[in-house]
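Hi everyone, thanks for coming.

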Amino acid sequence: DCIQGKCNKSPPPLPQCGTKCTADFACSGAADGCVHCNTDLGICDQHPTPYCGMSCTSNECYAAKDGCTDCIQGKCNKSPPPLPQCGTKCTADFACSGAADGCVHCNTDLGICDQHPTPYCGMSCTSNECYAAKDGCTDCIQGKC
């Protein structure tokens, strides 16, 4: 090609949507707005491959491979686990903390979050909560099993 009166190689074409890439730098200068390398597809795209912490406004995070598939407060992030509730499997009370339905105790006999813990000697009581105690303390005497 004759460029400015001299024989020379033509400059490479500017990248555009669909140009093959492995990183964003290969897409810089794209006039059609495809300045991000979507590494999942291996092409220049208007949207980058989503990742944890990436800015978002709605559903741009759905394809994040790092698990951050939800847009939470303007960033791609992982959804918090659901709060425990009655019937959630557990092995100790900490697994039931925060239950909005009042099932904040792990009934270890049943292995589920329950409103009442598995009764035991020395547990506070008001009436008949001690009936199922396996350690023999089945009576509520002076507020204790």
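Let's start with the largest pocket, which holds about 240 Å³ of space. It has 13 lining residues, and His116, Pro117, Pro119, Glu129 and Tyr131 are the closest to its centre. A pocket here is an open set of points on a 1 Å grid over the protein atoms alone, where a 1.4 Å probe fits, with protein on both sides within 12 Å along at least five of seven lines; lining residues have an atom within 4 Å of a point. The volume is the space filled by probe spheres set on those points, joined across faces, edges and corners.

A word on where this comes from: it's a predicted model, where local features need pLDDT of at least 70 and side-chain atom pairs need 80 or more, while totals for chains, interfaces and linings use all residues. Residues are numbered from 1 along each chain as its sequence is written, and side-chain values use heavy atoms, leaving out hydrogens and water.

The second largest pocket comes in at about 160 Å³, and its lining includes Asp40, His47 and Tyr62.

Now, how many disulfides are there? The structure holds 12, counting pairs of cysteine sulfur atoms within 2.5 Å. In one of them, the sulfurs of Cys17 and Cys34 sit 1.6 Å apart, and the link is right-handed, with 60° about the S-S bond.
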